[in-house]
Amino acid sequence: MTTTDGPHTVNRRKFIGYLLGGATVVAAADLGMVGRGATADAGELPTLPQPAEIADLSDLLTLAAAPTSQLITVTINDDGTASFELPRTEVGQGITTAAAMLIAEELDLPVDKVHVTLAPARPELLFNQITGGSNTIHAMYTPIRVAAAVAKGALLQAAATVLGDSANKLTSHLGHIVAPDGRRVDYGRLSALAANEQPETVEVELKDENSHGIVGTPVNRIDALDAVTGTKQFATDLDVADALPTMVCRAPTLNGTPNAVNNADEVRNMPGVTHVAIVPTGVAVRASTFGQCIDAVRALDVSWNDGPVAGMSDEDALAGVRAAEAPAPELPAGETVSGDFTFWFRSNSAMDTNSAVADVRDGRAEIWASLKNPNVAQGRIAEAVGIPLNNVTVHVVQGGGSFGRRLFDEPAIEAARISQAMGVPVKLMWHRADDARVGRTHPLATSRIRACYAGDTVLGFQQAHTSIETDFRHGLGDIITAKAADLPAGLGNMPFAQVIFQLTTILPYDFGAVGQSLVETDTRFNTSSMRNIYSPDVRTANELIVDQLAQRMGTDPLEFRLAHLRNGRLRTALETAAEKAEWGKELPEGMAQGIGVHVEYKGVTACIMEIDCRPETVGRKVRNAVTGPRVTKATMVIDCGRVINPRGVEAQMQGCVNDGIAMTLTSSLHLRDGHFQEASWDNYFYTRQWNTPPELDVVVLESTEPPGGVGEAGVAASAAAAACAYARATAAMPTEFPINHRTLSFEPKPYSPPVPQSPTDGLDHTY
Amino acid sequence: MPEQTFVVNGERVTVDVEDDVRVLWVLRDLLGVTGPKYGCGINVCKACTSHINGKAFNPCAVPVGELSADDEVTTIEGLPAQTAEDARGPHGLHPMQEAWLERDVVQCGYCQPGQIMAAVALVRKVRDEGRTITDADLDGIRNICRCGTYTRIREAIRDGETRM
């Protein structure tokens with residue numbers, strides 16, 4: 001077997017950067033377009049390289065970002081600290097910490113002397129302000145280091161004057177430039193001296209990556225102290241003058257629209273309520289407290305127009321997908337294994353519900369929200385409220401989770417419309433019920449697979465994935481490609497979906513003629529990418545069939561995979577996982593191990609899960625909860641290329657394991673009568689403490705490959721491992737995910753009024 | 001409008017608001033105490049978990065009119081002061097917060113104030129029962145974390161228990 005490792009670049013350390021004019025040192029990078037190529041060798045029964053192995057989504061995003069990388073700047077402040085406005089959005093994935101580490105490394109500063117904030121919308125960045133595809137580190141690893149190195153060079157030059165030594169004899173140490181005789185001067189003092197009146201082009205040499213002292217070591221999150229003391233601010237925590245709590249009363253069918261409010265005056269006179277206004281998405285109320293907003297939403301009497309899926313259920317949506325399925329592809333002659341899998345709607349609702357603060361008055365708009373595509377939001381807000389782009393300011397706020405949700409901007413647009421309609425600032429927050437029911441979903445999909453083999457040789461493997469449309473109308477993060485993706489009838493979105501599917505889909509085995517295709521249909525649902533987009537479903541279907549092939553050939557699932565893998569890094573990861581998880585160990589009947597592997601984001605993951613499907617476990621009772629089969633142990637091994645922060649990688653992998661378990665075993669949305677039924681975290685069964693693996697091991701492999709992405713990297717392998725373990729424990733291959741979807745495990749809350757009232761018995765439940 | 005008087009983080013406050021407004025909104029929207037987070041408003045997600053007279057409660061499910069002038073509400077902001085100064089950790093925080101920092105539990109951070117307040121109450125509860133935290137206790141924690149930080153939460157609670 002041979003390897004098809006990711007593209008390599010020469011270990012380039014010399015770059016051009018800019019020193020910008022100003023009162024302190026402001027430095028920027030210039031990357032040019034870094035050429036990338038790939039090598040792919042063929043194995044005995046080769047599968048030709050798939051598109052994503054030659055250039056993947058990360059390459060696309062990185063190349064698109066490169067031309068504007070000179071607009072990314074690091075500033076040295078006169079107190080000796082460094083500042084950096086990250087043109088990406090922190091939503092828990094750890095990129096502010098990673099950016100601080102890269103700057104600290106190159107500048108030789110302690111990490112806590114680097115201040116990383118989120119840049120507001122900067123349209124001039126074009127394709128360089130999208131937070132998606134786990135691409136931040138891949139795209140910004142070099143630009144951030146170059147900008148920091150340019151700043152460091154300027155400090156050395158200034159220090160040479162101060163210390164009377166030539167710059168190349170000086171060294172840096174934790175915020176000081178030091179002369180050979182020990183005299184030293186701190187960065188703060190040098191900052192003003194090193195400032196340039198005019199921009200200047202300079203050449204810099206980056207630190208040798210092998211001598212990194214901060215990058216590659218475990219560092220705690222730079223916002224951890226704020227988070228554990230309750231001072232970390234999310235959009236609804238912001239104190240913007242007069243931006244009172246605001247909520248929206250929504251229709252009883254998905255995307256229904258308001259026709260008329262029949263009791264606006266009555267509601268306006270309720271305690272605390274200041275305004276009631278109709279907007280395209282519902283009826284907005286503004287009050288002194290969110291509690292009074294809930295009361296007002298529940299009291300509103302609104303005539304509604306039905307939404308576009310009124311009356312529909314899951315089964316109808318599935319029938320639509322079935323009707324769109326293309327004929328099964330041709331396979332070489334041989335014995336076949338096939339599977340037909342259904343993946344129901346899943347929610348990417350975060351803890352921090354859709355929210356935004358907006359002040360739209362006097363021809364100006366100012367918005368605060370967690371946005372992964374702030375430039376698209378700026379353009380759409382300008383259009384929605386009829387204000388020129390230059391008068392729309394979009395502040396990017398850290399998000400309490402995203403999972404794909406914050407690629408889109410509907411809370412920001414809705415808040416802007418409400419503020420404009422009411423003529424006052426508003427703090428809009430979606431109720432949990434709305435966030436779960438109306439918020440975006442991972443679309444329902446089917447995946448059909450046929451594989452054929454002769455003896456112990458797999459001759460071909462074909463997969464036809466068919467899905468409700470996945471919305472990519474954020475384009476590449478700029479308003480132009482977002483517009484292109486928004487052509488009518490899904491015609492603009494379709495090519496985006498095809499490109500993203502092909503650039504993220506890799507079957508990492510030598511299985512002869514491999515083909516994987518996507519068809520999407522039905523634009524009526526609110527969908528978006530959900531952590532790892534297509535891969536969790538695609539790879540779960542793949543790995544279940546891989547186990548079927550192994551079984552047909554009488555081979556152990558691990559041995560079969562190792563014999564057919566065509567990626568050397570993945571082989572190492574899987575071997576490591578198998579050893580750590582004690583693959584093949586004795587387990588009682590009703591328990592089993594399962595394997596999932598994945599290649600994406602310039603890295604590889606291998607996951608082995610151990611599941612307990614014994615009746616006493618499956619039947620355990622927790623109030624208002626789904627218990628069911630329990631993953632008792634999970635082992636996740638990742639090679640994500642050169643590691644920036646192993647502690648952050650470990651955290652992301654733990655989260656990915658919990659996501660994968662939820663996708664396979666417990667969490668889905670149920671569409672009934674034109675609306676999703678889930679309105680609570682006790683309806684939508686994301687992994688809870690009683691589901692999470694009591695044993696969870698993460699191994700982060702050392703690597704000298706270029707750094708890849710980690711935020712989503714482990715979901716596909718986890719989802720697949722849980723499915724394969726379940727199939728082996730129960731001796732039956734599941735074909736619907738999550739496996740519990742057919743059982744509705746909760747009493748649905750009413751659609752009208754659209755949000756539930758808060759309980760009043762909290763003092764009866766203290767502990 | 002009725003006057004509501006109670007104690008928040010050691011300070012007596014009086015707020016003009018109707019009796020039925022839940023304590024969460026009084027804290028967040030009227031007093032600017034934003035450590036307790038909104039995650040559902042129906043006492044399910046537990047992101048707003050705080051303490052009342054030393055016990056865990058969810059202010060989203062308590063009308064402010066039910067509080068009396070001597071009821072002491074402690075939010076995450078007031079947790080460090082619940083510990084004697086010499087028992088606080090290197091960051092000057094409650095031992096459970098210090099355990100959270102040491103294990104780098106947080107990801108997005110949104111649910112974590114509630115997780116920490118729940119953890120402190122859980123340790124006190126089992127201690128009152130004359131025992132230590134078990135796996136079953138940890139399995140029974142209802143606070144949801146959509147980032148999936150559960151493993152580190154479990155490790156930090158066990159560590160925090162030994163520090164408390």
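**Exercise 1. The open sheet of chain A**

In what order do the six strands of the open sheet in chain A stand, and what is the pairing?

*Solution.* Keep in mind as you work that this is a predicted model.

Step 1. Reading across the sheet of chain A, the order is β5-β4-β3-β2-β1-β9, and the pairing is mixed.

Step 2. Look for the strands that pair on one side only: these edge strands are β5 (114–118) and β9 (200–205) of chain A.

Step 3. Zoom in on one pair. Strand β3 (residues 73–76) of chain A runs antiparallel to strand β4 (residues 82–86) of chain A, and three bridges join them. Within β4(A), Ser83(A) is the residue opposite Thr75(A).

**Exercise 2. Helices on the sheet**

Step 1. Helix α3 (residues 95–107) and helix α4 (residues 136–163) of chain A pack at an angle of about 35°, and their axes are 8 Å apart. The crossing of α3(A) and α4(A) is right-handed.

Step 2. Pick out the side chains to display. On α3(A), the contact residues include Ala98(A), Leu102(A) and Glu106(A); on α4(A), Tyr141(A), Ile144(A) and Arg145(A) are among them. By class, this contact has twelve nonpolar, one polar and three charged residues.

**Exercise 3. Burial in chain A**

*Solution.* Step 1. Count along strand β19 (residues 392–396) of chain A: four of its five residues are buried, so the rest of the structure largely encloses the strand.

Step 1. Find its partner. Strand β18 (residues 364–369) of chain A pairs with β19(A) in the parallel sense over five bridges, and Trp368(A) stands opposite His395(A).

Step 2. Turn to Ala421(A), found in helix α11 (residues 410–422) of chain A. Ala421(A) counts as partly exposed because it has 17 C-beta neighbours inside 10 Å, while a buried residue needs 20 or more.

Step 3. Check its surroundings. Beyond four places in sequence, Ala421(A) is in contact with Ala277(A) and Val279(A). The C-alpha atom of Val276(A), 145 residues away along the chain, is 9.3 Å from that of Ala421(A).

**Exercise 4. Where chains A and B meet**

How many residues does each chain give to the contact, and which element of chain B gives the largest share?

*Solution.* Step 1. The contact takes 59 residues from chain A and 60 residues from chain B.

Step 1. On the side of chain B, the elements giving two or more residues include α1 (23–30), α3 (112–128) and α5 (150–163) of chain B. The largest share, five residues, comes from α3(B).

Step 2. Sort that side by class: 32 nonpolar, 16 polar and twelve charged residues.

**Exercise 5. Confidence in chain A**

Where in chain A does pLDDT stay under 50?

Step 1. Then locate the stretches under 50: residues 1–10 of chain A and residues 33–44 of chain A.

Methods: Residues are numbered from 1 along each chain as its sequence is written. Chains are lettered from A and ligands numbered from 1 in the order in which they are written. This is a predicted model: local features need pLDDT of at least 70, side-chain atom pairs count only at pLDDT 80 or more; totals for chains, interfaces and linings use all residues. Axes are lines fitted to C-alpha atoms, for helices over the stretch in contact, and angles run from 0 to 180 degrees between N-to-C directions. A crossing is left-handed if the near helix is turned anticlockwise from the far one by less than a right angle, and right-handed if clockwise. Two residues are in contact if their C-beta atoms, placed from the backbone, lie within 7 Å. Ala, Val, Leu, Ile, Met, Phe, Trp, Tyr, Cys and Pro count as nonpolar, Asp, Glu, Lys and Arg as charged, and the others, Gly among them, as polar. Two strands pair if DSSP finds at least two bridges between them. pLDDT is the predictor's confidence in each residue, from 0 to 100. A residue is buried if 20 or more other C-beta atoms lie within 10 Å of its own, exposed if 12 or fewer, and partly exposed in between; C-beta atoms are placed from the backbone.
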